[in-house]
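Dear colleague,

Please find the structure below, followed by a short account of what was found in it.

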Amino acid sequence: MKRVWIIVIIAVVLAASAIGWALHMRKPTTLVSLNELAAESLGLGIPVQEICSTEPIKALSSRLPSEAKYTSEGDGKVSEGEAFDWFEGNGHDQVQCHVGRIKTLLPGSQFITGMISVSCTRLPVQISPESATGKKFVTGKGVRLGDEKAKVIECYGQPISPSSSGGVSEQLYYSSGECGLVFSIDRESGRVSGMMLTMVKEW
C-alpha cells in the first residue's frame with residue numbers, strides 16, 4: 001500500500017507542476033471556471049472542494065461504494081495522506097477510482113491537496129461513453145470516459161499546455177485558480193482513458 005501512496009504523491013506533484021508551469025506560459029482556458037472545477041466530482045458524488053475541507057475524509061465513506069478501501073499514510077511531521085481506492089465494472093469496462101487527500105505539515109508549506117481520479121484499467125480504450133460505466137464517470141460539462149479527444153476540446157477549449165510526448169497516453173491540462181483537471185487520451189484509440197481532478201488549499 002505504501003507503493004500506492006508513492007505513486008499518488010508523484011502523480012499529484014507532476015500534475016501540479018505541469019499546471020503551474022502552464023499558467024506562467026499562457027492564460028487558462030475561458031471555458032472552465034474555478035467554481036465549476038471546485039464543484040466537480042467526475043461522477044463520484046463528492047466535490048473536490050469537499051475533500052479538501054472534510055476532516056478526516058474517512059467520514060465520507062458512507063457516500064462511497066462499500067468496496068472502497070480506506071488507507072492512510074504519513075509520519076505526522078512532513079505529510080499525512082488519506083484515500084479511498086476501488087474498482088467498478090469489469091472486463092473492458094473496468095475503471096479504477098481514487099478519492100484522496102495529502103496534507104503537508106512543514107512550516108511555510110501547509111497545504112491540503114485533494115484529488116479525484118478515474119481511469120480505464122485496459123488499453124486501448126474499449127469502454128463506450130454510452131455504456132452504464134461510461135455514463136457514470138462524467139464531468140460537469142459532459143465529458144465521459146471513452147469519449148473522443150475532440151469532445152474534450154469542444155467542451156473545455158484548448159488545453160493550457162502542450163500534451164506530454166511519448167508514452168501510451170497524452171495529457172490535456174486545464175486549470176482555474178487552485179483547481180486543475182487533466183484528461184488522459186489513449187494514443188491508440190484517441191479516446192479519454194482517464195480523468196484527474198486536483199485542488200490545493202492552504203490550511
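The model is predicted: local features need pLDDT of at least 70, side-chain atom pairs count only at pLDDT 80 or more, and totals for chains, interfaces and linings use all residues. Residues are numbered from 1 along each chain as its sequence is written, and side-chain values use heavy atoms, leaving out hydrogens and water.

Helices (H or I, at least four residues) and strands (E, at least two) are DSSP runs numbered from the N terminus. F84 is buried at 2% relative accessible area, whereas Y70 is partly exposed at 25%; buried means under 20%, exposed over 50% and partly exposed in between (1.4 Å probe, protein chains only).

A second tilted pair is formed by Y156 and F183, at 5.2 Å and 55°. Y156 belongs to helix α5 (residues 149-156) and F183 to strand β6 (residues 179-186). Y156 is buried at 1%, and F183 is buried at 0%. Ring pairs join Y156, Y174 and F183 into a cluster.

A68, in the loop between α3 (48-53) and β1 (69-74), is buried at 16%. Beyond its neighbours within four places in sequence, A68 contacts F84, D85 and W86 (heavy atoms within 4.5 Å).

With kind regards

How values were computed. Rings of Phe, Tyr and Trp (its six-membered ring) pair if their centres lie within 6.5 Å; planes under 30 degrees apart count as stacked, over 60 as edge-to-face and the rest as tilted.
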